[in-house]
Amino acid sequence: MKLLGALAVLILVSGCQAIGQADTCPLPREDTERLLALNFEQFDQDLKGGWRAVGDRHGCEARGARLIEAYIKKHQKNIPARRVATLNWHLGQMWASAGDSRKAIAAFKATKPEGDDAQNFYADATIAYLQRDRKAFDQARAGLAALPPPKNWDKAVADYEKRFNMPGPVWPINLDVVDRLSACFDEPYWLAYSGACLNAVTPTTPPTAVKP
């Protein structure tokens, strides 16, 4: 059950202020308050709602990031540390998609739990990508690729697929994302993360930050 919970999480300003880019991404005060009042599942795990309703709009990534920051500030004392780490990962993805590597790296560094080698290698690879440090990136990628699957991995994936009605992750987890970053090493994060830079046609909207 603990491993299933971890997989689910992968899919995985004050509360009284309107947040972000006022001209291009309006978010009225009442909408800000409504979003910040959601529970974790509603705010972070709803693939069409929560912060994604804001941050998945092209050009609104920075506003999405500030919304996540406000949520962490309001709720971090009342939710488990692993959920705060998940929020920080999505915060990093939003800042990276907005082109602010400094803020993205700071958020990603807050997601490296002791003893979770898969997440740590993934974070190291993502940070190295943002720093354009190919040597460090390749080292992190090799470390991730060499990890053996945890016990009960197959059962956890089956439970995940049953719960979410979608294909589960494969092991090593997030290696597919790291390989897209590798193939698109000099491209903006959201293009590399989605793999859109591998296609002839560039999409007009950024990818949903589903995985950490």
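Which residue lies over the face of Tyr-129? In this predicted model, that place is taken by Arg-132, which lies at 4.5 Å from the centre of the Tyr-129 ring. Tyr-129 also belongs to a cluster in which ring pairs link it with Phe-137, Phe-185, Tyr-189 and Tyr-193, and Tyr-193 in turn has Arg-180 over its face, at 5.8 Å from the ring centre.

Stepping back to the chain, one finds that its secondary structure comes to 12 helices and zero strands, and that 47% of its 212 residues count as buried. The accessible surface comes to about 10,600 Å², with 52% of it belonging to carbon and sulfur atoms.

Inside, the largest nonpolar core has 51 residues, and Tyr-129 and Phe-137 are among those with the most contacts within it, as are Phe-43 and Ile-68. The largest share of this core, eight residues, is supplied by helix H8, which spans residues 117-130. Ile-68, when its neighbours within four places in sequence are left aside, is in contact with Phe-43, Trp-51, Leu-87, His-90, Leu-91 and Met-94.

The whole structure holds nine aromatic pairs, and one of them, formed by Phe-43 and Tyr-71, is stacked, with 3.9 Å from centre to centre and 5° between the planes. Because Phe-43 lies in helix H3 (residues 40-44) and Tyr-71 in helix H5 (residues 61-75), this pair ties together parts that are 28 residues apart in sequence. Phe-43 is buried, with a relative accessible area of 0%, and Tyr-71 is buried as well, with a relative accessible area of 1%.

Methods:
Residues numbered from 1 in each chain as written. Predicted model: local features only at pLDDT ≥ 70, side-chain atom pairs only at ≥ 80, totals over all residues. Heavy atoms only, no water. Core = buried A, V, L, I, M, F, W, Y, C linked by side-chain atoms within 4.5 Å. Buried < 20%, exposed > 50% of the residue type's maximum accessible area, 1.4 Å probe, protein only. Helix = DSSP H or I, 4+ residues; strand = E, 2+ residues; numbered from the N terminus. Contact = heavy atoms within 4.5 Å. Areas by Shrake-Rupley, 256 points an atom, 1.4 Å probe, with all protein chains shown as cover. Phe/Tyr/Trp six-rings, centres within 6.5 Å; stacked < 30°, edge-to-face > 60°. Lys NZ or Arg CZ within 6 Å of the ring centre and 35° of its normal.
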